[in-house]
Structures are given as C-alpha cells and as structure tokens.
Amino acid sequence: MKKIKTTAGFMGTSEQKEKLIAMIAEHKDIKGSIMPILQKAQEIYGYLPLEVQQIISDETGVSMSEIYGIVTFYSQFVLNPKGEIAISVCMGTACYVKGAKDILDRISANIGIKPGETSKDGRYSLDATRCIGACGLAPVFLVNEDVYGRIEKPEDVDDILKKYTES
Amino acid sequence: MIKLTLNGAWINMKNINELTALRDKFKNSIAIRTGDTAAANGEKHVLVCGGTGCHSSGCNAILKKLKESLKTHGLEDKIKVVVTGCHGLCALGPLIITHPDEIFYELVEPDDIEEIVTKHLIGGEPVLRKVYHEAIVDGKLISFHETDFFKYQHKISLKNCGIIDPECIEEYIARDGYQALAKALTTMTPLEVIDMVKASGIRGRGGAGFLTGRKWAYAYLTDSDKKYVVCNADEGDPGAFMDRSILEGDPHAVIEAMAIAGYAIKADEGFVYVRAEYPIAVNRFEIALKQARDFGLLGTDIFGTGFNFDINIRLGAGAFVCGEETALLTSIEGHRGEPRPRPPFPAIKGLFGKPTILNNVETFACIPPVILNGPEWLSKLGTENSTGTKVFALGGKIKNIGLVEVPMGTTLRTVAEQVGGGIPNGKAFKAAQTGGPSGGCIPAELFDIPIDFDNLLSIGSMMGSGGMIIMDEDNCMVDIARYFLDFTVEESCGKCTPCRIGTQRMMEILENITEGRGEVGDLEKLEELGEHIKASSLCGLGMTAPNPILSTIKYFRHEYETHINDKKCASGVCKALFQYVINEKCIGCTICKRACPTDAICGEVKKPHFIMQEKCVKCGVCHDKCKFSAINIG
C-alpha cells in the first residue's frame with residue numbers, strides 16, 4: 001500500500017489535544033482498543049500526522065513503531081489532511097468498466113494534482129477510492145458529500161467542477 | 001415484569017409469550033405490505049427505499065416532499081410512510097412502493113410526488129408514467145412480483161429488506177423476529193441447534209463455502225472459559241454490497257442469529273466487524289443493538305433462561321485482507337490486519353486466543369428461519385451440496401443493476417438475462433465475473449451451468465461473497481485481469497512472499513502485455529507463477545489472487561495472444577494497442593472534428609476526415625459522437 005508522507009505543517013489546537021487525551025483515557029482499558037482510538041483521533045484532527053501518533057503512543061504505552069505500522073497499514077488512516085474541496089472517484093469494478101479511469105484522469109488534469117495528493121494551499125484533494133457501493137449509478141464520483149453518478153463522458157466533469165472552483 | 005415504553009411497547013421481555021403477544025399486536029400492519037389486502041382495512045402504506053443506492057440518488061428529498069404533500073392534504077395520519085432497506089433495483093432508484101395495491105414507482109423525482117399523492121393515493125389511479133416500466137405489459141399494469149426481475153427470486157436472507165422499517169424492532173418482531181432465538185433458548189439444547197444448522201446443509205456465504213454447522217461444532221467441542229461469535233461484515237470485494245443491504249435493511253436478523261450462535265457454542269460476547277465506509281449500516285446496526293438491549297433480547301438472562309449475550313461493533317479501516325478470517329481477528333485485537341497460519345483454526349484458537357466462530361452477514365441472516373422452520377425448509381432449496389439461496393450483487397454491463405437473491409442452482413443465464421434484464425444497447429454477452437478479485441471470469445458458453453459453490457470452483461471461479469459483474473464485447477479480458485490483479489497487489493498485506501512478490505511479478509508481465517511489450521512465453525510464465533502463488537500463499541487472499549488471470553487465460557487465451565503476437569486490443573481498451581481510424585463511411589459532417597479535445601482530426605466539410613495519430617489521445621469521443629459508424633478501432 002502506497003502512502004504519501006505528510007507535507008502540511010501541524011496546526012493542532014490545545015482543544016483538540018484535550019479532546020484526544022480525554023478520548024484515549026475513556027478507551028485505553030478496552031481490549032484491542034488502539035484501532036477505535038486511531039479512528040476517533042482521525043475524527044478530531046481529520047488526519048493522523050506523527051504529532052498525533054506520538055500523543056497516542058505516550059498515552060497508551062503502545063510503541064510509535066506499532067502505531068505507525070497500523071496507521072500505514074489501513075487505507076482509512078491518512079497522513080495528509082483532506083482538501084476544502086475533496087474529490088474522490090470510485091474505482092469499483094462497475095464504475096471501472098464504465099470508464100471511471102477517464103473521469104479520474106480528467107479531474108486530475110483539471111485541478112493539477114495526482115490521486116492521493118492534497119494541493120499545497122490545502123484547497124483540493126483527489127482520491128481514487130474503492131467501490132463506494134453505488135454501482136447502480138456507475139460511474140460515480142464525489143465532491144465533498146455530493147454524489148455525481150451516471151456520468152456519460154469524462155468532459156461532463158468540467159461543468160460539475162466549475163460549480164466548486166468558482167464559488 | 002412488564003414495563004411500558006413511550007410508544008407502548010414492552011421492554012425487558014422475560015418469556016416467549018410476551019414476544020408472541022408483541023408480534024401479534026403488530027402483525028397486521030406488516031401483512032398489508034405482503035399482499036394481504038384484507039388486513040389493510042382501508043389503511044395505506046407508502047414505502048420509500050432508504051438503501052445506499054437510493055440514498056445516493058436522492059431518496060431523502062423524496063421523503064421530505066412526500067411528508068409535506070401528505071400533510072398539505074391532511075393525510076399524514078391516514079397514510080403511513082415507511083423508510084425501508086434495499087429493494088434490489090438500485091439502478092432505478094429512488095424507488096417508492098405503495099401498499100396494499102403494490103404499485104412500484106421507479107426513478108422518482110421530487111416533482112413527481114404531488115402527482116402520485118393526488119392522482120394515486122387520493123384518486124386511486126396509479127401514475128403510469130412513473131410505474132416500474134417492466135410492470136406495464138401492453139399498456140396493462142401487472143404486479144411487480146410477476147416481472148422478470150422479481151419472479152425468479154426467492155428471498156431468505158433478504159426477506160425483510162424492503163418490507164420492514166429497519167429502525168423499528170416491533171416490525172422485525174412482527175415478522176416472527178426473535179422467535180427463533182426464543183425457540184432455541186427455551187426448547188433446544190446447544191447441540192440440537194448445531195445439529196439443525198448442520199442438517200440444513202448451509203455453507204458459509206462469505207466466500208469459501210465451509211459448512212457452517214461443522215464450524216459451530218468445532219467451537220462447541222473446544223473447552224474454554226471464554227468464547228466469541230464474530231460477524232464478518234468487512235465486505236471488501238469491489239462490486240459486492242449484499243452484506244451492507246442486510247445490515248441496513250434487516251439488522252435484527254444478524255443480532256438474533258449471533259445470539260443463537262452464542263447459545264450454540266456457549267459464547268457470551270460477539271463482535272461485528274463492519275466497514276467504516278458503510279455509515280448507514282453502522283448507524284442502523286447501532287440503533288438495532290440498543291433496541292435489542294432495551295427489549296431484553298441482548299444482555300443478561302435473556303428470556304429468563306440464564307443465557308447472557310451482548311455484541312460490540314468494531315469498524316474496519318479499509319484493508320481488503322481483513323475480510324480473511326484470521327486477519328479480521330488480528331485487526332479486532334488492535335494490530336495490522338495480517339493473517340496468521342491455520343491451524344490452529346479460529347474455532348480452536350481465535351479472537352484473543354479463545355475459541356471463536358466467524359460467519360458472514362448473509363450466513364447469519366439465514367440462521368433464524370432455519371431454526372424456526374427446520375432444516376428441510378432450507379435444504380429442499382438449491383442443489384445437493386449447496387442448499388438454500390444466494391444473494392448476488394449484479395453490476396457492470398447489465399440493465400437491472402442491483403441486488404438479487406436466487407435459489408442455488410439457478411443458471412447464470414437466468415440471472416443475467418431474465419433477472420438482470422440482459423445487456424443494454426443490444427451488445428453481446430462476453431463473460432461474467434464472480435467472486436471479485438478472488439474469482440474468475442466465466443465465458444458466455446458456460447452460462448447454462450447451474451450456479452453453486454462446487455460448479456463455480458470447477459470452472460475456475462468461485463462464489464466469493466456474491467459480486468457478479470457482467471461484461472460485454474467492449475470489455476477487454478486482459479485489462480479486466482490486470483484490474484483485479486492491481487487490486488490484490490495493492491491489498492496484499494505483505495506478510496508472505498508468494499503473495500507479496502509473486503502477484504507483483506504477475507502484474508509486471510500483465511502490464512507489459514497491455515502496453516505492447518508482451519513476449520511469447522509470457523502466458524506460460526503467468527500460469528506457472530499463478531499455480532505457485534495459489535499453492536504456497538498463507539491466506540485466502542494470496543491463494544485466490546491468480547484466479548482472475550488463470551481463468552481469463554483459460555477461456556480467453558486468444559485475446560491474450562492477439563495482445564502479445566499482433567500487439568492489438570480488439571476491444572479498444574488497452575490504449576497502447578489500438579488506434580482510431582476513419583473509414584469510407586465518413587461524409588464530412590465535422591462533428592468529430594469539433595468534438596476532438598486535442599484537435600487531432602483534420603478535414604474539410606463534406607469531405608472524408610483524417611485522424612492524426614501523433615496528436616490522438618484515444619479518448620474515444622469521436623467514436624462515440626459519430627452518427628455514421630465511420631470511426632473504427634483498428
């Protein structure tokens with residue numbers, strides 16, 4: 001599994017840290033709780049930079065190497081924050097056979113970043129995701145929470161993206 | 001001790017009579033939705049599908065509009081609106097069904113609601129233009145149960161999906177819910193439960209098809225102070241969504257079955273490991289767990305029998321390998337989800353080192369009806385060694401994309417042509433892919449084989465979790481094989497060498513072939529590597545990873561050979577291996593020239609056009625735009 005290293009600077013607040021430490025205290029005595037702790041930590045920060053992993057390691061006594069190992073193993077855990085405009089293109093089989101790759105390429109060319117990256121200014125992020133289960137609407141992509149399905153041809157994404165880039 | 005909650009339901013039921021009384025109280029309101037017009041007594045229900053498919057296509061807007069409209073007409077107390085789980089026809093969502101007259105509406109938009117309310121619900125005349133198009137034959141309305149999509153289906157795992165409100169435990173109880181748990185706890189010994197599951201012949205629906213009863217028996221026979229029941233809801237196969245639909249549409253069935261399993265193997269704790277990507281399923285399951293606890297159907301001293309059982313939810317974090325049982329257990333324990341060698345099998349030494357049974361969501365959903373109706377009820381359906389039904393997630397180049405449940409032994413042709421409605425745009429069937437990245441491609445010549453666990457294995461595919469992707473003549477089989485291998489290469493956890501490195505080497509050979517660098521002998525290398533990886537990998541992921549390649553080489557060898565020898569991709573998918581050419585049918589209409597994003601087409605009006613290959617990016621726009629079939633893939 002390929003992981004891109006964190007590029008953005010850490011800007012965690014003291015409220016976030018308090019929340020994190022309280023959450024860890026609540027969970028750490030449950031068997032096998034490191035996964036739920038990481039999931040909740042990602043809910044608080046939006047991603048899991050080394051700074052956050054270090055706090056979790058200190059509070060739970062689980063070594064950094066173990067935590068880093070878990071974070072980089074699971075694709076849900078991310079080392080980069082999501083962009084303000086987060087785009088994900090479904091690469092499930094149904095979407096793939098209906099041309100999802102062309103849609104991904106078109107979007108990538110359009111906003112100038114590769115899949116898996118967040119743009120330097122933090123405005124855009126682009127992901128190629130596993131099947132999101134909306135196969136009936138294939139091919140499908142998401143911008144933030146909005147679902148765009150039954151995309152007939154790659155060019156159709158241009159107008160959809162305009163709605164976000166111009167706002 | 002009977003207590004009353006705000007909505008008038010009992011909680012903390014201590015015996016089966018209380019459960020039965022509750023069932024009888026709500027029975028009529030559900031009977032309306034199963035074709036019992038007598039039960040309706042003037043009452044009307046409108047069911048809005050709230051499955052993920054319909055959610056994505058906008059069912060919430062429909063629901064809001066429907067409630068507003070009913071309120072405006074003063075009908076909010078007379079017509080009951082119910083949000084249900086998935087009906088199966090995801091491609092035609094948002095869906096609405098009215099009862100008791102059973103009118104099935106497709107592709108409903110918010111603007112259609114007012115008409116449906118005034119003309120149909122008030123005026124009694126269905127809005128034909130929005131009725132499911134298959135349910136209108138020669139201008140006449142037929143019951144949607146008689147349409148091809150529904151009539152070949154037999155619902156066991158999905159029996160409540162699309163009928164009950166999954167967030168209302170009373171509706172599940174009204175459909176004989178928790179009766180099986182009550183029967184097992186109060187009238188059967190754990191061994192009798194296991195024997196009944198064994199006699200039903202049910203095999204694991206998650207992929208490998210191991211006999212469920214036998215698995216339970218192993219765990220029962222292992223002595224331990226603590227045992228676990230685990231439900232595998234980490235549905236990772238791209239294109240499969242049956243587990244999600246069951247959790248979303250009928251979560252209590254899984255809870256009830258897990259409790260029955262707990263009683264059978266003497267476990268008091270369960271875990272459900274569900275994909276974090278399924279927020280609706282997780283939410284509905286959490287609601288169901290709370291209700292079951294409130295009603296005393298989970299917790300301590302269930303039905304006053306002294307049996308204790310409760311369930312925890314653990315969210316997956318997006319690793320395909322965690323669908324493999326030992327990797328899933330390692331993940332629940334809080335580690336990287338890497339598989340461990342078997343034996344010892346989880347039934348002997350599983351979660352936290354204790355005996356554990358692991359079953360898939362769909363398998364669990366079959367258990368309560370088996371306990372309630374006896375083993376023959378299931379074993380009379382299906383084939384000799386694969387009893388009951390199987391849910392398939394139909395996808396790809398097929399009209400009725402969605403979820404279907406058919407008896408084992410139904411042919412692929414029936415599923416694809418009748419239930420699935422065939423291929424759109426009059427294209428020809430080429431293959432069906434079953435079992436996701438672990439399965440294989442089945443060519444159209446073998447479409448008359450009855451689908452069951454053993455038949456699929458014998459033709460080089462497998463049941464897997466039930467994803468079924470239909471492919472037509474436009475799909476390149478080499479590219480499909482590459483796609484699935486790309487998936488397993490990325491998802492390989494890296495623990496064992498054959499899977500980690502072997503699949504990578506296969507991938508490189510396949511990439512060479514699809515990019516025009518294939519060499520004679522590549523196919524033999526792929527076959528040899530594939531057999532070695534199958535034989536020597538640690539877990540199911542590696543053992544099955546070569547299947548998509550081996551099966552496509554077996555059935556579509558000529559396609560690979562054209563890629564390697566002639567450096568051509570006849571389907572026009574592998575971009576390095578074809579070019580678009582304009583033929584003599586071109587009349588010079590200039591549509592393609594104007595559509596081309598890279599200005600690669602030249603030519604004057606009313607004169608044949610020409611594609612400059614060095615500029616062409618093979619996007620295919622010209623090919624799709626041409627109205628005269630003047631652009632060939634060559």
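Predicted model: local features only at pLDDT ≥ 70, side-chain atom pairs only at ≥ 80, totals over all residues.
Local features need pLDDT of at least 70 and side-chain atom pairs count only at pLDDT 80 or more, while totals for chains, interfaces and linings use all residues. Residues are numbered from 1 along each chain as its sequence is written, with chains lettered from A and ligands numbered from 1 in the order in which they are written.

**View 1. Where chain A touches chain B.** Here 31 residues of chain A are in contact with 39 residues of chain B (contact: C-beta atoms, placed from the backbone, within 7 Å). On the chain A side, helix 5 gives the most, with four residues (helices are DSSP runs of H or I, at least four residues, and strands are E runs of at least two, numbered from the N terminus).

**View 2. Helix 20 and helix 21 of chain B, packed together.** Helix 20 (residues 497-514) and helix 21 (residues 522-536) of chain B pack at an angle of about 160°, axes 10 Å apart (axes are lines fitted to C-alpha atoms over the stretch in contact, and angles run from 0 to 180 degrees between N-to-C directions). That makes the two helices of chain B roughly antiparallel (angles over 145 degrees). Among the residues of helix 20 that meet helix 21 are B:Met506 and B:Ile509.

**View 3. Strand 16 of chain B and its partners.** Strand 16 (residues 429-434) of chain B pairs antiparallel with strand 18 (residues 467-472) of chain B over five bridges (pairing takes at least two DSSP bridges), and B:Phe429 stands opposite B:Asp472. Four bridges join strand 16 to strand 17 (residues 440-443) of chain B, also antiparallel, with B:Ala431 opposite B:Pro443.

Definitions and conventions: Contact = placed C-beta atoms within 7 Å. Parallel < 35°, antiparallel > 145°, perpendicular 65-115°, else oblique.
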